[in-house]
Amino acid sequence: DTSLAAGTPPPSDDAPFLFSFGRFGLGAGKLTLRAGDSGAWCKPFPIDAAGTSGAVDVADEHGTTVYPLRVTLRLGDGALDETTVCVLTPQFVVVNRLSLSAATI
């Protein structure tokens, strides 16, 4: 059931978030995300190609705000060398609306 959060939230922001695909019905090697508890699930994307990166857009619960995320896939280190590590990084666009250019600030 993909309406449930996958796994248990990590105890801190720097702890890994581990889960198994078996009970969520997405099929092996696919992941889907949502923003908050009520947001729409994004389209499932494959995570079986370690060494690649891409982008995914995740909308809020109202569909009015879209959060662009960079997805980078790599193999784990040491004992986790058969595990795919999926790193999510927020992407931001900075728009300068000041009368001065950023170079003069």
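Student: Before anything else, what counts as a helix or a strand here?
Tutor: Both are DSSP runs numbered from the N terminus: a helix is H or I over at least four residues, and a strand is E over at least two. On that basis the protein chain has zero helices and five strands. From the N terminus on, the order of elements is β-β-β-β-β.

Student: Where do these coordinates come from, and how are residues numbered?
Tutor: This is a predicted model, in which local features need pLDDT of at least 70, side-chain atom pairs count only at pLDDT 80 or more, and totals for chains, interfaces and linings use all residues. Residues are numbered from 1 along each chain as its sequence is written, and side-chain values use heavy atoms, with hydrogens and water left out.

Student: What does the pLDDT average to?
Tutor: The protein chain averages 75, and 67% of the residues score at least 70. pLDDT is the predictor's confidence in each residue, from 0 to 100.

Student: Which strands have the lowest and highest confidence?
Tutor: Strand β1 (residues 30-31) is lowest, at a mean of 80, and strand β4 (residues 66-75) is highest, at 88. Over residues 1-6 the pLDDT is below 50, and beyond near neighbours in sequence that stretch has 13 contacts in the model; a contact means heavy atoms within 4.5 Å. Where pLDDT is low, the predicted coordinates should not be read in detail.

Student: Sheet next. What is the strand order?
Tutor: Three strands form an open sheet, ordered β3-β4-β5, with antiparallel pairing. Two strands pair if DSSP finds at least two bridges between them. β3 (53-59) and β5 (84-90) stand at the edges with a single partner strand each, so one side of each has no neighbour in the sheet. From one strand to the next, the twist averages 30°; the angles run from 0 to 180 degrees between N-to-C directions, with axes as lines fitted to C-alpha atoms, for helices over the stretch in contact.

Student: How many bridges join β4 to β5?
Tutor: Seven, with the two strands running antiparallel. Thr72 has Val87 in β5 as its bridge partner, and Leu75 has Thr84.

Student: And what about β3 with β4?
Tutor: That pair is also joined by seven bridges in the antiparallel sense. Asp57 stands opposite Pro68 in β4. β3 and β4 form a hairpin with six residues between them, and Gly63 in the turn has a positive phi of about 75°.

Student: Which residues make up the largest nonpolar core?
Tutor: There are eleven, among them Leu31, Phe45, Val56 and Leu73. Such a core is a set of buried Ala, Val, Leu, Ile, Met, Phe, Trp, Tyr and Cys residues joined through side-chain atoms within 4.5 Å. β3 and β4 are the elements that give two or more residues to this core, and β4 supplies the largest share, three residues.

Student: Is Thr32 buried or exposed?
Tutor: Thr32 is buried, because its relative accessibility is 10%; buried means under 20% relative accessible area, exposed over 50%, and partly exposed in between (1.4 Å probe, protein chains only). Thr32 is in the loop between β1 and β2 (45-46), and its side chain reaches the backbone oxygen of Cys42 at 2.5 Å.

Key:
Polar contact = N/O pair within 3.5 Å; in protein donor to acceptor, adjacent residues only side chain to side chain.
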